[in-house]
Amino acid sequence: APTLKERLAELIPAEIENVKATRAAHGKKSFGPVIVDQLYGGMRGLPALIWDGSVLDAEEGIRFRGKTIPDIQEALPKAPGGTEPLPEGLFWLLVTGEIPTQEQVTALSKEWAARSAIPSFVEEILDRCPPTLHPMSQFSLAVTALNHDSAFAKAYAQGINKKDYWQPTFEDTMDLIAKLPNIAGRIFRNVYGDGKLPAIEADKDYSYNLAKLLGYAEKPEFVELLRLYITIHSDHEGGNVSAHTGKLVGSALSDPFLAFGASLNGLAGPLHGLANQEVLIWLRKMQSKLGENPTDEDVREYVWTTLKGGQVVPGYGHAVLRKTDPRYTAQREFALKHLPEDPMFQLVSKVYNVVPNVLLEAGKAKNPWPNVDAHSGVLLTHYGLDQMNFYTVLFGVSRAFGVAAQLIWDRALGAPLERPKSYSTAAINSMFQNK
Ligand code: AMX
């Protein structure tokens, strides 16, 4: 069976032809008008990017290469004795559009374990960070610093031919993904522990090794949770802040470490990936105010207080989705299976019964339903990982999968520099003066 790189080499020429044919057939067709409000409104709904790994439907949620979350839970290879998909398989799917064999997934686990070591100067950068520096800032520093050994940057400096860009890009993205557990683990141990880190096991899967570095290898249920977590957080089409940033920065031929470092800085914002931390803080505050077992009415009032204070309810709403996020549902199912009695999970369920109605009543949010971040923190907390400001780092580890897959294809297909047109308000006013 071919390796991932061999399979890619087979797929790329046909995809280059496919894109050519698509552009020849549809290149001059219009998606409809662009209106001025979209320039002021964060470009919502503006068709502007190609992203092959996944497509998001407002009602149905995410599909990875055409497959829903339940589809991939069914189809992707599992760890021995496990029931959740291995993220290795999801990466293979994102990159090739194909479901890998168990053997191919095992080979990927081994390859990532073999590439997992980080340079000692990056360890030193992390060790010098004050524990008060947010884990996401540390994460971004370390990922950016990996650019020191970028195969792409080196090949570019040596004058690589354009048509070969994808090869060193592939090598860099494999290194990037492989090294993230050692970075995340080191941040975790430095900030919350004694800084000592166990070694990655060469014959274990990616999620097991990440769990081990965090100190959770002895909890098989937690390892399963990580497999699910990384799989469902990996990719959410191309327009979200972290994905789009990675693609944008990559379009300048910045190498994958620079591109993904930029993604992480976007993911660290409270309206995006930091929301999982925000949700837990918000729930904790609610618990301390209302006690362990609040009534629906108490929760309702608490939600109204949040809104009246000019704050958002974290974990609710979405720029594209208009229904409950299937990533929320997958986590809820995990909780129903493994921790139905957990008091925090019950609070999350209660919040789920109350918040959408309040948001509807308030009448502003276009989507009153929960997103992925409304649930993830509670699952992690259940197993003892209650260091909330670390949560977005785990989101970042998994978001690398989606960004990496697209970076490889962008270089394989010769994606150009991104450069949309901007206008000033004065220009808009003069342009439409008499119209
Ligand atoms: N609580 C309170 N108000 C909300 C809200 C929420 N959860 N979601 C949206 N609104 C408000 C907006 O702030 C906006 O108010 P404004 O008109 O005063 O500026 C109004 O409703 C309309 O916003 P929208 O069109 O529905 O949402 P959007 O596309 O502009 O933003 C999002 C989407 C996710 C940023 C927003 O719903 C939000 O702030 N949610 C809470 C934070 C969160 O959970 N983020 C994580 C999203 C998933 C992810 O990226 N990881």
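These are my notebook entries on a few features I looked up in this predicted model.

**Entry 1: helix α19**

I started with α19, which covers residues 391-412. The helix has 22 residues and reaches 33 Å from its first C-alpha to its last, close to the 32 Å expected at 1.5 Å a residue. I then looked for a bend and found a kink of about 30°, centred on Arg 399. Is α19 enclosed or open to the outside? I found that 22 of its 22 residues are buried, so the rest of the structure largely encloses this helix. After α19 comes Gly 414, and I noted its positive phi, near 65°.

**Entry 2: the nonpolar core**

Next I turned to the largest nonpolar core, which has 113 residues. Which members touch the most others? They are Phe 139, Ile 177, Ala 184, Ala 400, Ala 404 and Ile 408. My helix from the previous entry turned up again here: α19 gives the most to this core, with 14 residues. I also checked the domains, and the core draws at least three residues from each of domain 1 (110-272 + 389-412) and domain 2 (275-382).

**Entry 3: around the ligand**

I counted 21 residues around the ligand. Ala 275, Gly 317, Ala 319, Ala 365 and Lys 366 come nearest. By type, the shell holds 10 nonpolar, eight polar and three charged residues. Where does this shell come from? Domain 1 (110-272 + 389-412) and domain 2 (275-382) each supply at least three of its residues.

I looked up Arg 65 in the loop between β2 (61-64) and α3 (69-75). Its phi is positive, about 45°, although Arg 65 is not a glycine. Buried or exposed? Arg 65 is buried, because 20 other C-beta atoms lie within 10 Å.

Leu 253 was my other stop, in the loop between α12 (241-251) and α13 (256-267). Leu 253 also has a positive phi, near 65°, and is a residue other than glycine. With 17 other C-beta atoms within 10 Å, Leu 253 is partly exposed.

**Entry 4: Ile 99**

I finished in the loop between α4 (87-96) and α5 (102-114), where Ile 99 sits. I found 18 C-beta neighbours inside 10 Å, so Ile 99 counts as partly exposed. How far apart are Ile 99 and Leu 76? They are 23 residues apart in sequence, and 6.5 Å apart in space from C-alpha to C-alpha.

Notes. Residues are numbered from 1 along each chain as its sequence is written. This is a predicted model: local features need pLDDT of at least 70, side-chain atom pairs count only at pLDDT 80 or more; totals for chains, interfaces and linings use all residues. Helices (H or I, at least four residues) and strands (E, at least two) are DSSP runs, numbered from the N terminus. The expected span of a helix is 1.5 Å times one less than its number of residues. The bend at a residue is the angle between axes fitted to the seven residues ending there and the seven starting there. A residue is buried if 20 or more other C-beta atoms lie within 10 Å of its own, exposed if 12 or fewer, and partly exposed in between; C-beta atoms are placed from the backbone. A residue is near a molecule or strand if its C-beta atom, placed from the backbone, lies within 6 Å of it. Ala, Val, Leu, Ile, Met, Phe, Trp, Tyr, Cys and Pro count as nonpolar, Asp, Glu, Lys and Arg as charged, and the others, Gly among them, as polar. Domain bounds come from an automatic or database domain assignment. A nonpolar core is a set of buried Ala, Val, Leu, Ile, Met, Phe, Trp, Tyr and Cys residues joined through C-beta atoms within 7 Å.
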